[in-house]
Amino acid sequence: MTVTRFAPSPTGHLHLGHAYSALFACDAAQREQGTFLLRIEDIDPFRCKPAFIDDIKEDLHWLGLQWLEPVRRQSEHLDDYCVALDRLKDIGVAYPCFCTRKEVAAEAKASGYAPHAMGPEGPIYTGTCRNLTPAQRAERIEREVPNWRVDIAKAQAITGPLFWHDRALGRVNVELSDFGDVVIARKDVPTSYHLSVTVDDHLQKVTLVTRGDDLASATGVHRMLQALLGYNAPEYHHHPLLRDKDGRRFAKRENAATLRSLRESGTSVDEVRTLAGF
């Protein structure tokens, strides 16, 4: 049975781009007599606001969407991510990193990386903490809380070549070197977007991940984590992003018109669905 999900972060109100993604995922499930899930990705303790969760549900109900209850909130399942992180530590691919973002950027620049040598999340990590001895790591952990990274070289030696199947893109081969040693758990919360999404999709038995094509580059990391953790790989469909009349994608940081503001201005559900391509 097909299981899809829409997984917003409660950092603001939903806009037309969110409406498109939610409707796309729900439509994919309905066409295949499957199940549509709503998941709240609220692991960021600083940007996520509980008040937005109710607003998200209200907007989605207004669009006519229904989902299987209960709704999974990531902040309530940190233990699940700790179990997965411990597994990655046990197989020797996770290591503690004490570098700040500023230090990572400075190290990348000092190493001679060209300006274009950037991963999807910023400068590719040069591996400073990867080379610490066990004694040095233990001593540092006594004094400070680390981030945790995946040693990509060790991970690749375990997983071998990886790929995913995408309904829009076909077979996509994974190039993990594009990321470097990616962060899988942060010092302020024992997980990351990559780890929590991978664990959630596995536990919720998601079979088809539908999301914007801006996230396609992250899928290689998720395939790596799935392989390391022994998870089945779902199918993917990375859809084009919805854009405004000027060609800009709808985004919170661009102050895109929200579903709430459209509702308050008298825009009907049918009109919003049309604007969102449904």
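User: Which residues does Ile-184 touch, not counting residues up to four places away in sequence?
Analyst: In this predicted model, Ile-184 touches Leu-85, Leu-88, Ala-94, Trp-148, Arg-149, Val-150, Thr-191, Ser-192, Leu-195 and Leu-225.

User: And which residues touch the most other members of the largest nonpolar core?
Analyst: Ile-184 is one of them, together with Leu-88, Val-150, Leu-195, Met-224 and Leu-225. That core holds 32 residues.

User: What does the second core include?
Analyst: The second core is separate and has 26 residues, among them Leu-14, Tyr-20, Ala-22 and Leu-38.

User: Changing topic, how many helices and strands does the chain have?
Analyst: The chain has ten helices and twelve strands. Its radius of gyration is 20 Å, close to the 19 Å that the globule rule gives for 278 residues, so the chain is as compact as a globular protein of that length.

User: What share of the contacts with a separation of 6 or more joins residues 24 or more positions apart?
Analyst: Such pairs account for 79% of those contacts.

User: What about burial and surface?
Analyst: Of the 278 residues, 49% are buried. The accessible surface is about 13900 Å², and carbon and sulfur atoms contribute 52% of that area.

User: How far apart are the mean positions of the positive and negative charges?
Analyst: The mean positions of the 35 positive and 38 negative charges lie 3 Å apart.

Notes
Residues numbered from 1 in each chain as written. Predicted model: local features only at pLDDT ≥ 70, side-chain atom pairs only at ≥ 80, totals over all residues. Heavy atoms only, no water. Helix = DSSP H or I, 4+ residues; strand = E, 2+ residues; numbered from the N terminus. Rg over C-alpha atoms; globule rule 2.2 N^0.38 Å. Buried < 20%, exposed > 50% of the residue type's maximum accessible area, 1.4 Å probe, protein only. Contact = heavy atoms within 4.5 Å. Areas by Shrake-Rupley, 256 points an atom, 1.4 Å probe, with all protein chains shown as cover. Lys, Arg positive; Asp, Glu negative; His and termini not counted. Charge placed at Lys NZ, Arg CZ, Asp CG, Glu CD. Core = buried A, V, L, I, M, F, W, Y, C linked by side-chain atoms within 4.5 Å.
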